[in-house]
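Please look over the model shown here.

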Amino acid sequence: EKGHILSENVSTVKSVVDLQSHCNQLQKAEEDGVASDKKQKLQQEIAAKTMNVVWQASKIEVQDVLREVCDKVLADADRPILVKRAEALKIVGEVYSAVSTDG
């Protein structure tokens, strides 16, 4: 689990660095008077990279919240209650999986 968390965070940081690099390229292009079609292409790439960074950050946040919820739901209860809670979490997981494969 810790390896997955670290991997997700490293991936997000790399995406942010890549986004910053593209922003710097756009700034330099504007200073150098590069043609508007090349600037527009850079702007489109920046928009796509921004959406990717936002998605990755949101994904990390959702995973953190789900991890905390699971820890709390599965903490300190009688075995029959824990079994029911675990079954409920499994159903929630199946719903999440079904949604992710839809689109």
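Is tyrosine 96 buried, partly exposed or exposed? Tyrosine 96 is in helix H3, and it counts as partly exposed because its relative accessibility is 47%; buried means under 20% relative accessible area, exposed over 50%, and partly exposed in between, with a 1.4 Å probe and protein chains only. The model is predicted, with pLDDT of at least 70 needed for local features and 80 or more for side-chain atom pairs, while totals for chains, interfaces and linings use all residues. Residues are numbered from 1 along each chain as its sequence is written, and side-chain values use heavy atoms, leaving out hydrogens and water.

Helix H1 covers residues 2-32; helices here are DSSP runs of H or I with at least four residues, numbered from the N terminus. Its 31 residues should span 45 Å at 1.5 Å a residue, and the end C-alpha atoms are 45 Å apart, which agrees. The expected span is 1.5 Å times one less than the number of residues. After H1 comes glycine 33, with a positive phi near 70 degrees.

The buried residues of H1 are Glu8, Thr12, Ser15, Leu19, His22, Leu26 and Ala29. They pack against H2, where contact means heavy atoms within 4.5 Å. The largest nonpolar core has six residues: Leu19, Leu26, Ala29, Leu42, Ile46 and Val53. Such a core is a set of buried Ala, Val, Leu, Ile, Met, Phe, Trp, Tyr and Cys residues joined through side-chain atoms within 4.5 Å. H1 and H2 each give at least two residues to this core. Leaving aside residues up to four places away in sequence, leucine 42 touches His22, Gln25, Leu26 and Ala29.
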